[in-house]
Amino acid sequence: MFKRSYFKLCIPAVMAVMMTACASSPSTTSTSSTAPQDKSVTLLFNVQSPSIDPHTDINYTAVRAGVNETLIKVNKDLKLEAWLAEKWDSKDGRHWTFSIRPGVKFHSGKAVDAAAVKASLERALKLNPSVKNALHIRDIHAEGQTLSITTDKPFPEFVSELVHPNTAIMDTTATGDFPSGTGPFQVASFRAGSELNLERNEHYWNGEVKLKHAKFMFNEDANARQLAFQAKTADIVYRPPIESLELLKADSTVKVDSLPSLRTHQLIYNMNNHDLKKTAVRKAFDHLINRDEIASGIMSGQGTPAQGPFLPDFPFSPKYITKKFDLNAAREGFKKAGYTVQNGKVTNPDGSSLHLTLLTYQSRAELPLISQLIQANAKELGITIDIRQVDNIDEYLAAHQDWDLATYSNITAPRGDASYFLNAAYMPEGALNYGRVHIPELERMITQLNTTVNEEQRNKLALKAVTLIDQENLQSFLVHPNNVVAYRNYVHNWVTSQSEYYLLTQDLDVN
């Protein structure tokens with residue numbers, strides 16, 4: 001079901017892009033030669049999407065492309081804003097009332113009322129276990145534009161969970177081939193893993209949509225994305241190769257955004273591995289990670305070394321002791337964990353060497369390079385690491401246990417709160433608990449956090465949980481990458497967001 005792929009030469013992808021460039025007219029040419037109402041834009045994204053179902057697509061394409069919208073959204077300051085729900089209220093953190101915005105219609109023409117929202121949420125709960133585990137909904141009641149939801153326990157952060165793109169609202173009664181949403185764009189065509197073609201929603205509830213057409217293209221090869229951008233077959237390129245940034249910045253026709261993201265690259269340890277389930281081994285392994293080299297070398301300065309899962313200015317980030325790359329400290333750590341160290345090499349008590357499998361993936365071009373750096377450092381201690389590249393890291397980690405380590409990247413605080421990542425990565429049913437972490441003390445802390453209303457108390461509980469994560473070295477957090485986007489100077493109103501949820505918007509424009 002899930003294909004494995006190893007490191008591949010990018011020549012076929014590059015050739016394909018070059019052929020496309022020769023066969024296609026740049027979008028700017030077609031834009032400048034047509035009427036303003038026919039304006040279009042092409043965005044080239046770095047992760048392939050096999051689906052645009054908003055409830056099951058882990059790449060959130062339907063929301064990112066402006067097809068579907070959620071009840072609540074998060075703004076540039078990571079504060080909650082009304083979207084399809086114009087207001088909400090709860091007196092106890094368990095019983096919630098939402099006023100659904102009147103006058104909104106799906107692309108199908110059907111009015112958006114509380115019953116339609118209820119049907120959409122119920123579909124998401126049925127199809128996506130992660131949504132079900134995150135929302136804790138016991139029952140939903142709809143009457144007119146009023147939606148009432150009861151959670152199975154007090155859950156003060158329930159509203160923030162409704163920001164998640166997998167809770168996007170769609171018309172469950174629509175019979176077309178594509179999801180019927182409420183966003184500024186509706187789907188014209190979709191080729192899985194290749195491209196999504198969009199048309200303006202002429203009846204968008206929130207006002208004028210600047211673009212007539214938009215194209216959302218996918219290519220996981222960073223060099224191929226760069227070639228497409230240079231050939232002007234794309235107007236916006238998401239995460240161009242880092243090594244190309246100086247060239248892009250020198251081009252007067254190009255604008256480059258680079259800002260700290262809410263994302264953290266990490267090394268996941270599989271707790272089912274006999275060696276890695278030991279805290280001392282994970283701590284020793286952490287000394288093999290050269291975070292400064294990752295940030296300054298591999299990332300070309302477009303990131304900062306990570307000491308934990310969250311950016312340091314969050315109130316739930318502890319004052320860490322700086323983690324240092326130190327091969328001798330790694331050797332001492334393995335020795336304290338009961339391993340033999342002779343001539344600088346680490347072996348099991350029976351004399352056998354450590355042999356581990358590390359998974360990585362191509363859509364974030366730096367992750368295979370980080371994997372190779374870790375591999376080289378481990379080799380200095382006689383530890384063999386086999387690197388295996390997979391096509392869909394989330395599907396593979398969820399379905400397989402034939403791995404020991406994995407490089408991974410995710411947004412850890414998309415709503416400015418710690419609870420999302422803590423629940424997803426460390427609770428038994430968490431959608432991101434790929435390492436099979438099971439620490440009862442940590443789970444008790446997170447459970448208490450989930451039922452605490454006061455923000456100051458929540459931050460204190462989250463701080464305790466993150467401190468425990470650090471003490472146990474449950475993952476090795478590597479770097480906080482910048483979010484980098486390059487776009488042509490005729491593109492207007494593009495916003496590079498920290499949340500990465502909203503890309504094609506009604507205000508996006510070209511001239």
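## A helix across a sheet

Helix 4, made of residues 114-127, lies across strand 5 (95-100), strand 6 and strand 7. Its direction is at about 155° to that of strand 6. The model described here is predicted.

Strands of a sheet pair through backbone hydrogen bonds, and the pairing is either parallel or antiparallel. In this model, four strands form an open sheet in the order 4-5-7-6, and their pairing is antiparallel. Which strands lie at the edges? They are strand 4 (85-90) and strand 6 (137-143), each of which pairs on one side only. On average, neighbouring strands of the sheet are turned by 20° against each other, direction ignored.

Strand 6 and strand 7 (residues 146-151) run antiparallel and are joined by six bridges. Asp-139, for instance, has Thr-150 of strand 7 as its bridge partner.

## Two packed helices

Two packed helices are described by the angle between their axes and the distance between the axes. For helix 15 (residues 440-450) and helix 16 (residues 455-472), the angle is about 160° and the axes are 9 Å apart. Angles over 145 degrees count as roughly antiparallel, so helix 15 is roughly antiparallel to helix 16. The crossing of helix 15 with helix 16 is left-handed.

On the side of helix 15, the contact is made by Glu-441, Leu-442, Met-445, Gln-448, Leu-449 and Asn-450. Helix 16 contributes Arg-458, Leu-461, Ala-462, Lys-464, Ala-465, Leu-468 and Ile-469. Of the residues in this contact between helix 15 and helix 16, eight are nonpolar, two are polar and three are charged.

Key
Residues are numbered from 1 along each chain as its sequence is written. This is a predicted model: local features need pLDDT of at least 70, side-chain atom pairs count only at pLDDT 80 or more; totals for chains, interfaces and linings use all residues. Side-chain values use heavy atoms; hydrogens and water are left out. Axes are lines fitted to C-alpha atoms, for helices over the stretch in contact, and angles run from 0 to 180 degrees between N-to-C directions. Helices (H or I, at least four residues) and strands (E, at least two) are DSSP runs, numbered from the N terminus. Angles under 35 degrees count as roughly parallel, over 145 as roughly antiparallel, 65 to 115 as roughly perpendicular and the rest as oblique. A crossing is left-handed if the near helix is turned anticlockwise from the far one by less than a right angle, and right-handed if clockwise. Contact means heavy atoms within 4.5 Å. Ala, Val, Leu, Ile, Met, Phe, Trp, Tyr, Cys and Pro count as nonpolar, Asp, Glu, Lys and Arg as charged, and the others, Gly among them, as polar. Two strands pair if DSSP finds at least two bridges between them.
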